[in-house]
Amino acid sequence: MKSMAAKFGMLAVLAGVLSGCGGGYVAYRAPMPPPRPYGVGMVGRPPGPGYVWVDGYHDWRGRGYVWVPGDWRRPPRARAVWIPGRFEQRGRRNVWIGGRWR
């Protein structure tokens, strides 16, 4: 039988994979708010027609924030709009709401 920690770890990896697809909803807690974003803005030209720029963000990685640079993504369907991820204050916790296509 697997421990709860192992099950939670597998769930976290799966959530990370799904969030990379841009179609999943991922939320998690961080003990402090992220630093101000940097490097925000389009970099280069789109790799092809229909690509949308998704800004970078700070991602909580266990003991601190790591900058995840922005990239060009292709929407999953016509007229899809990228909703950027954000941190929300909920009580005394900061909760990350992952970006998604709407």
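**Aromatic pairs and one arginine**

A search of the whole structure, which is a predicted model, turns up six aromatic pairs. I'll start with Trp53 and Trp72. Their rings are edge-to-face, with 5.3 Å from centre to centre and 70° between the planes. Trp53 belongs to strand 2, residues 52-54, and Trp72 to strand 5, residues 71-73, so this pair ties together parts that lie 19 residues apart in sequence. Both Trp53 and Trp72 are buried.

The next pair is Phe87 with Trp96. This one is tilted: the centres are 4.9 Å apart and the planes make an angle of 50°. Trp96 has a relative accessible area of 8%, and because the cut-off for buried is under 20%, Trp96 counts as buried. Phe87 and Trp96 also sit in one aromatic cluster, together with Tyr57, Trp60 and Tyr65.

Now the arginines. Arg73 lies over the face of Trp82, at 4.9 Å from the ring centre.

Where is Arg61? In the loop between strand 3, residues 57-60, and strand 4, residues 65-68. Leaving aside residues up to four places away in sequence, Arg61 touches Val66 and Val68. Finally, Arg61 and Ala30 are 31 residues apart in sequence, while their C-alpha atoms are 9.0 Å apart in space.

Methods: Residues numbered from 1 in each chain as written. Predicted model: local features only at pLDDT ≥ 70, side-chain atom pairs only at ≥ 80, totals over all residues. Heavy atoms only, no water. Phe/Tyr/Trp six-rings, centres within 6.5 Å; stacked < 30°, edge-to-face > 60°. Helix = DSSP H or I, 4+ residues; strand = E, 2+ residues; numbered from the N terminus. Buried < 20%, exposed > 50% of the residue type's maximum accessible area, 1.4 Å probe, protein only. Lys NZ or Arg CZ within 6 Å of the ring centre and 35° of its normal. Contact = heavy atoms within 4.5 Å.
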